[in-house]
Amino acid sequence: MHHRPAILLVAAGLVLVGCTSPDEGATADTGQSIVIGAGSEPENLNPILGYAPDGASKVFDGLVARDAQLKLVPALAEELPSASADGLVWTAKLREGTTFSDGTPLSAQDVVFTYESVLDPKSNSTIASRFDAVTDVSAPDDRTVEFRLSHPYAPFDQQLSLGIVPRKAFKGVDVSSAPFNSAPIGTGPYTVAEWRKGDRMTLKANESYWGGAPAVKTVTVVFVADDNARATRMAAGEFDGTVLPPKLAGAYDAKQGYRVVRNPSADYRGLGIPSELPLTSDPKVRVAINLGINRQAMIDTVLAGAGKPAATPISPYLDEWYDQSAVFRHDPAEAARLLDEAGWRAGADGKRSRDGQAARLPILYPAPDVLRKELALATASDIAKLGIDAPVEATTLEVMLQRQRETASIWGGGDPYDPDTASYTLLHSRYAGRSGYVNMTLYRNASVDGALDTGRRSLDPTTRKQAYTDFQKAYVADPGWAFLVFLDHTYVLRDRWNGQAEQVEPHDHGLVHAVWWNLERWTPKS
Amino acid sequence: MTTVAQRRRGRAVGLLVLRRLGFAVPVLLLVSFALFALAKASPFDPVERYFGLRIIGASPERVAQIRENWGVDRPVVEQYLAWLRHAVAGDLGDSLSLRQPVSEVIGDRLPWTVLLVSIGFGLALLLGLLLGTAAAWRQGGWLDRTITAVSYTLEAAPVFWLGLAALYVFALQLHWLPGGGLTDAGAALGVGQVVTHLVLPVSVLAVSQAPWFVLFVRQNLLESFSQDHVIGARSRGLTDRRVVLGHALRTSLLPFLTLLGARLPELITGALLVETVFSWPGIARATVDAALNVDFALMGALTVLATSVVLLGNLLADVLYALADPRVGLDG
């Protein structure tokens with residue numbers, strides 16, 4: 001036996017330390033408490049700095065929240081906020097009698113404070129760009145909040161899911177290092193009882209929650225970043241639920257007392273194609289690359305079936321916006337024809353070139369990301385089959401951005417809430433060539449710009465619907481990316497609670513969102 | 001030894017301590033500056049790391065604003081001096097990645113690391129002494145051969161491999177011990193809980209560190225067996241036990257003291273790996289995060305801390321050595 005000596009010595013060590021037998025972790029539980037193994041730990045719990053801006057935060061409430069279909073529903077606001085006819089003023093009326101968990105009553109001043117702090121350049125908030133249209137936030141009275149915008153912004157109400165903080169807690173404190181950041185006070189269904197950084201967080205039910213006290217009283221969130229360690233501890237019975245890669249979760253498919261939940265998401269992975277290279281500046285070549293990629297094969301092999309093919313940044317799960325005709329089928333023959341037409345002809349060795357210049361498209365991915373690595377390799381092999389040399393290189397996000405003009409990169413992102421937030425900064429030519437992670441492919445298309453602007457500024461649902469249909473059609477005729485897949489997020493859950501509902505998820509799925517997005521409404525199975 | 005000589009000796013030790021502490025200052029300055037320069041040269045950008053996921057689509061103006069607020073584009077010397085000025089005044093600054101004062105980040109996590117490391121180290125020493133002596137005593141016998149072989153095997157085994165193996169056997173298969181963390185999920189922080197959760201990480205740390213001590217003690221004992229005073233003791237007809245424990249072990253323990261200091265860096269590295277495998281909420285994860293996020297303030301503080309521990313460990317070893325053996329010179 002290879003590791004017998006190690007075991008013997010470990011055993012010797014145990015005797016020396018004085019081994020006490022561990023008490024069984026699983027007590028006779030009635031489902032009033034739950035232990036969650038989370039893959040990522042929040043850096044802080046302050047909405048001002050960027051914690052849970054899309055709601056489902058457990059500790060806070062926004063003016064609005066989302067139901068299982070992602071429809072906005074009133075939360076701290078009495079009814080959904082409404083816009084003035086010109087779309088420049090949004091007004092929200094607060095629910096009466098809401099208090100923070102420390103007993104302070106919620107006032108419109110708290111809402112004003114929260115949004116003003118996000119916009120304050122000194123706060124270093126990571127979500128300030130979401131509110132770039134806002135010029136002023138004010139409270140005409142204790143229960144009314146008014147947002148003034150510099151231009152009409154149709155999806156503004158989608159941004160109002162940001163959690164509201166009590167202004168009292170920040171008197172004379174620097175937001176960047178406030179004690180509040182790890183011991184917050186909110187109006188939400190849970191309060192933070194303890195947060196042992198790097199280990200776990202314990203949440204207790206807020207018995208006076210305005211939406212009704214949660215039935216699951218204690219939530220313990222254990223942070224284990226490593227997938228295998230999380231799988232091991234789930235198998236040891238330590239967790240009631242955890243997030244696992246599809247292949248590891250598969251082990252629970254037939255296991256008694258467990259459920260595997262596969263939630264759809266708008267979390268995409270895509271190949272950003274630089275639009276200024278001689279090869280890829282021709283839309284025909286970019287369409288050819290899209291047609292040459294076998295997305296279904298990627299989903300079957302790399303993702304173990306847990307995903308959907310992507311063509312645009314708009315997820316097929318967003319029925320309201322998704323245009324079913326805006327897709328790329330897998331058609332290498334048509335791709336070859338398009339490449340020929342564009343003048344990139346195959347030589348005797350099958351490699352394409354034009355005027356003596358070889359067809360070459362390097363593909364970068366961020367080194368630590370195993371999924372993106374596998375997708376980069378699969379994409380490169382499909383592109384190579386078209387006769388284009390596609391070397392794959394591991395690097396960092398920073399380098400991917402620096403080389404955005406000459407290389408393609410595997411990027412990720414996406415949110416399911418509105419086509420504007422999913423597409424505007426990514427594809428509008430206003431952002432082409434700007435610094436930062438906006439329009440990384442320097443994509444320019446006047447029809448796409450026009451449709452995105454109409455969709456952003458119009459408040460009429462029919463006009464918006466038409467604008468995003470136009471956008472998707474214009475985009476697939478001239479794609480700036482090869483969007484590859486929308487990932488499904490997979491979870492293993494002990495089958496002990498009722499009340500889970502499927503919700504299309506954004507990229508984030510640690511403590512917030514994920515299968516436990518509506519945990520406050522779960523009830524123990526008797 | 002006369003009291004005068006003792007006093008002179010004491011003064012010499014004091015001078016040694018002062019000299020070493022004086023020397024520590026430039027070392028700390030150099031190490032912390034090198035760290036800033038290295039971090040600056042790394043391909044990671046602190047502002048982008050701070051945004052994380054939300055960097056996608058963040059408006060260039062907002063990103064530029066934070067860059068400006070933090071002064072990350074200023075020359076590295078300027079940033080370093082700003083950090084140093086505050087650090088000397090006792091203000092370690094705020095951790096950018098954890099949005100918390102650095103002193104709090106360290107205060108929260110360091111005690112758990114100290115607990116793990118001190119028990120692990122003590123246990124490793126104890127194992128080293130016991131098994132090393134046993135092996136030397138029975139040189140060539142089956143006990144010696146077993147101990148030596150196991151020690152060499154463990155020397156070669158990576159710490160994280162030992163950790164995962166222990167996790168698999170004792171937590172997953174036998175269910176004797178919990179697999180990680182500080183307490184069972186949902187349990188309150190208590191002595192019993194922490195002790196049961198300490199057993200595996202501490203044992204793995206000790207077992208990974210012990211072989212070196214075992215082999216060292218064995219080697220030194222064997223050497224001292226051939227020294228005059230031991231041979232003399234044997235020839236006087238003293239019992240085997242008296243000879244080994246009373247004469248040979250005592251002299252061979254001296255070099256052991258210096259090792260305590262010299263092994264500290266190894267111990268810290270081992271502790272980082274053990275903490276990672278067992279999700280121990282010590283300083284390890286914060287260290288890795290600080291490096292990946294180019295969190296200057298946190299990295300600076302942690303580096304100075306680790307360097308100080310190593311310097312102090314070496315100094316302590318030298319002082320102990322000097323106090324234990326009057327022949328040792330104090331010029332170094």
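Within H11(A), the residues Val448(A), Ala451(A), Leu452(A), Gly455(A) and Arg456(A) are buried (20 or more other C-beta atoms lie within 10 Å of the residue's own, with C-beta atoms placed from the backbone). Seen down the axis of H11(A), these buried residues fall within an arc of 130 degrees, so they line one face of the helix (the arc is that of the directions from the helix axis to the C-beta atoms). They pack against helix H10 (419-427) and helix H12 (461-477) of chain A.

This is a predicted model, in which local features need pLDDT of at least 70 and side-chain atom pairs count only at pLDDT 80 or more, while totals for chains, interfaces and linings use all residues. Residues are numbered from 1 along each chain as its sequence is written, and chains are lettered from A and ligands numbered from 1 in the order in which they are written.

Next, select helix H7 of chain A, residues 332-341, where Ala335(A), Leu338(A) and Leu339(A) are buried. Their arc around the axis is only 100 degrees, which puts them on the same side of H7(A). Helix H5 (283-292) and strand E16 (352-354) of chain A are among what covers them. Just after H7(A), Gly343(A) has a positive phi of about 95 degrees.

Finally, display both chains: 61 residues of chain B are in contact with 62 residues of chain A (C-beta atoms, placed from the backbone, within 7 Å). On the side of chain B that touches chain A, H8(B) gives the most, with nine residues.

Methods. A residue is buried if 20 or more other C-beta atoms lie within 10 Å of its own, exposed if 12 or fewer, and partly exposed in between; C-beta atoms are placed from the backbone. Helices (H or I, at least four residues) and strands (E, at least two) are DSSP runs, numbered from the N terminus. Two residues are in contact if their C-beta atoms, placed from the backbone, lie within 7 Å.
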